[in-house]
Amino acid sequence: MLAEWNNSFSVGISIIDNQHKTLFGLINKLNDGIQEHKSREGLGEILKETIDYASEHFKTEEDLMREHRFPDLQRHKAEHDAMVEKLAGFRERYNRGETDFSVDLLMELIDWLHSHMGATDSDLKPYMNARGIF
Ligand SMILES: [Fe+2]
Ligand SMILES: [Fe+2]
């Protein structure tokens with residue numbers, strides 16, 4: 001398994017933790033697809049599924065921040081937007097046949113998730129926990 005979840009990644013808010021686990025699962029599904037030499041179309045479908053899920057996840061966090069008037073929403077959202085843009089750009093190049101999948105790309109995504117979860121998402125914990133959201 002490329003991306004393995006452990007409790008040190010918990011941000012103390014269950015809906016977010018569960019979505020992060022699903023994201024890790026999708027990254028593993030992409031890695032499995034690469035290892036199994038899935039077709040370009042097959043990998044492209046899992047890539048789309050991953051990007052759609054990431055967007056949905058980011059929206060969940062942003063809605064939660066908006067609902068509870070989290071002061072640092074814009075800075076947090078800017079990190080999400082930059083990642084979505086990067087993934088969408090890769091998907092376009094992939095669909096045009098200009099690039100192939102690589103485990104390096106998945107590693108980069110995992111690194112980003114680790115650092116975003118460990119810092120930016122974790123900043124939500126004390127604020128949300130204090131408002132009864134766990
Ligand atoms: Fe986030
Ligand atoms: Fe997140």
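This is a predicted model: local features need pLDDT of at least 70, side-chain atom pairs count only at pLDDT 80 or more; totals for chains, interfaces and linings use all residues.
Residues are numbered from 1 along each chain as its sequence is written, and chains are lettered from A and ligands numbered from 1 in the order in which they are written.

Me: What makes up the secondary structure of the protein chain, and how are its elements defined?
Reply: Helices are DSSP runs of H or I with at least four residues, and strands are runs of E with at least two, numbered from the N terminus. By that definition the protein chain has five helices and zero strands, in the order α-α-α-α-α from the N terminus.

Me: Why is the protein chain called as compact as a globular protein of that length?
Reply: The radius of gyration is taken over C-alpha atoms, and the globule rule is 2.2 Å times the number of residues to the power 0.38. For 134 residues the rule gives 14 Å, and the radius of gyration of the protein chain is 16 Å, which is close, so the description applies. The C-alpha trace spans about 45 × 25 × 20 Å along its principal axes.

Me: How do you know what span to expect of helix α3?
Reply: The expected span is 1.5 Å times one less than the number of residues. Helix α3 (residues 73–95) has 23 residues and should therefore span 33 Å; its end C-alpha atoms are 32 Å apart, which agrees. After α3 comes Gly97, with a positive phi near 80°.

Me: What makes α2 roughly antiparallel to α3?
Reply: Axes are lines fitted to C-alpha atoms, for helices over the stretch in contact, and angles run from 0 to 180 degrees between N-to-C directions. Helix α2 (residues 40–67) and α3 pack at about 170°, with their axes 11 Å apart. Angles under 35 degrees count as roughly parallel, over 145 as roughly antiparallel, 65 to 115 as roughly perpendicular and the rest as oblique; the pair α2 and α3 is therefore roughly antiparallel. Residues are in contact if their C-beta atoms, placed from the backbone, lie within 7 Å. The contact includes Leu47, Ile51 and Phe58 of α2 and Leu73, Val84 and Leu87 of α3.

Me: Why is α1 also described by its direction relative to α4?
Reply: Helix α1 (14–35) and helix α4 (residues 103–121) pack at an angle of about 170°, with their axes 10 Å apart. That angle makes α1 roughly antiparallel to α4. Among the residues that meet are Ile16, Leu23 and Ile27 in α1 and Leu106, Ile110 and Leu113 in α4.

Me: What makes Arg69 a residue of note, and how is its exposure classed?
Reply: Arg69 has a positive phi of about 50° although it is not a glycine. Most residues other than glycine have a negative phi. Arg69 sits in the loop between α2 and α3, and with 9 C-beta neighbours inside 10 Å it counts as exposed.

Me: Which residues does Lys125 touch, and why is Lys125 classed as it is?
Reply: Lys125 lies in helix α5 (residues 124–129). With 16 C-beta neighbours inside 10 Å, Lys125 counts as partly exposed. Not counting residues up to four places away in sequence, Lys125 touches Val11, Gly12 and Ile13. Lys125 and Val11 are 114 residues apart along the chain, and their C-alpha atoms are separated by 5.9 Å.

Key:
Two residues are in contact if their C-beta atoms, placed from the backbone, lie within 7 Å. A residue is buried if 20 or more other C-beta atoms lie within 10 Å of its own, exposed if 12 or fewer, and partly exposed in between; C-beta atoms are placed from the backbone.
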